[in-house]
Amino acid sequence: MTAGRFQLKTGALLLIFKLCFYTSSQRTEPQVCGWCRGSVVNDSAVGQFCDASAGRTKGRCCLRNDSNFDGERIIGLDLSNCSLTQIEDLPGASTALIIDLSLNPIVNISDSLFQGFLDLNNLILPADIPCPGGNFSWNKVEIKDGNHLCEGQKNMCNQTGQLSANCPQNSLCAPYGPGFFECSCTDNYHGYKCLREGEFPALLVFVPLGVSTLVISSLLWVIERRKAKPV
């Protein structure tokens with residue numbers, strides 16, 4: 001199943017959200033790396049990929065070894081043989097190029113689990129779990145050594161990379177994970193189905209919102225401090 005969603009890409013929007021959620025953004029520790037005991041095995045699929053990519057391992061993750069990158073970036077995730085029965089989220093792993101979920105008694109996996117995993121190129125699943133988005137979302141799908149291998153994520157937009165029949169006029173289609181796509185308004189268009197022409201008034205909308213959020217947060221902090229004082 002495919003799904004589209006709209007994005008408004010404005011510098012002002014990003015600035016406001018960075019200011020409002022600065023504190024929470026500092027907690028960039030990839031907790032998913034510690035979901036399972038042990039570490040990435042050198043001769044595993046993720047281990048071999050990590051070595052070839054000059055990455056560094058941390059728990060069950062292969063991290064991009066780039067000192068210029070702000071924060072930890074997961075490029076490989078090995079959660080094989082972790083006794084996982086269900087997986088509802090993979091926080092921080094949307095940048096992974098390879099994920100191994102084999103040897104787990106997983107009952108079912110929702111396609112939406114991998115929504116936004118733009119770079120995912122290799123996915124290893126238990127044999128009875130289908131590839132997310134269906135076989136048509138991958139260049140190669142096969143059962144090998146008791147695992148379901150999904151290789152080469154396909155672009156869900158048309159081959160021209162321009163307008164898609166699934167996106168409204170004045171918008172462009174872009175991949176958004178296995179079986180998913182997103183529609184972004186072209187320059188000078190915004191609003192519902194990209195029907196409004198002209199520059200989006202980001203400052204008028206988000207600056208008051210950001211200020212209000214900061215004021216409310218400050219008031220709540222003051223109230224909590226007063227409650228904590230001994231009588």
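C50 and C62 form a disulfide with their sulfur atoms 2.1 Å apart, a disulfide being a pair of cysteine sulfur atoms within 2.5 Å. This is a predicted model, in which local features need pLDDT of at least 70, side-chain atom pairs count only at pLDDT 80 or more, and totals for chains, interfaces and linings use all residues. Residues are numbered from 1 along each chain as its sequence is written, and side-chain values use heavy atoms, with hydrogens and water left out.

**Disulfides**

The torsion about the S-S bond of C50 and C62 is about 85 degrees, so this disulfide is right-handed. The pair links distant parts of the chain, with C50 in helix 3 and C62 in strand 3, 12 residues apart. Helices (H or I, at least four residues) and strands (E, at least two) are DSSP runs, numbered from the N terminus. Both C50 and C62 are buried, where buried means under 20% relative accessible area, exposed over 50%, and partly exposed in between (1.4 Å probe, protein chains only).

By the sulfur distance rule, the count comes to seven disulfides. Among them is the link that joins C33 to C61, with an S to S distance of 2.1 Å. It connects distant parts of the chain: C33 sits in the loop between helix 2 (22–25) and helix 3 (45–52), and C61 in strand 3 (residues 61–63), 28 residues apart. The torsion about the S-S bond of C33 and C61 is about -100 degrees, so the disulfide is left-handed. C33 is buried, with a relative accessible area of 5%, and C61 is buried with a value of 0%.

Another disulfide joins C131 to C150, again with S to S 2.1 Å. Here C131 lies in the loop between strand 6 and strand 7 (138–144) and C150 in strand 8, 19 residues apart, so that distant parts of the chain are linked. Both C131 and C150 are buried.

| Disulfide | S-S torsion | Hand |
|---|---|---|
| C33 and C61 | about -100 degrees | left-handed |
| C50 and C62 | about 85 degrees | right-handed |
| C131 and C150 | -95 degrees | left-handed |

Strand 6 (residues 122–126) is mostly covered, as four of its five residues are buried. Strand 5 and strand 6 pair in the parallel sense over three bridges; two strands pair if DSSP finds at least two bridges between them. In this pairing, I98 stands opposite N122 of strand 6. Strand 6 is also joined to strand 8 (residues 147–153) by five bridges, and these two run antiparallel. The bridge partner of I124 in strand 8 is L149.

**Residue I99**

I99 lies in strand 5 (residues 98–100). I99 is buried, with a relative accessible area of 0%. Leaving aside its neighbours within four places in sequence, I99 is in contact (heavy atoms within 4.5 Å) with L77, L90, A93, F114, F117, L120, N122, L123 and I124. The C-alpha atoms of I99 and D78 are separated by 5.9 Å, although the two residues are 21 residues apart along the chain.

**A surface patch**

I216, L220 and I223 make a nonpolar surface patch of about 280 Å². Of these residues, L220 lies in helix 4 (residues 202–228). Patches are made of residues with over 30% relative accessible area and no salt bridge, with like charges joined within 9 Å and nonpolar side chains (Val, Leu, Ile, Met, Phe, Trp, Tyr) within 5 Å. Accessible areas come from the Shrake-Rupley method with a 1.4 Å probe, and for residues only the protein chains shown count as cover. A salt bridge is a side-chain nitrogen of Lys or Arg within 4 Å of a carboxyl oxygen of Asp or Glu.
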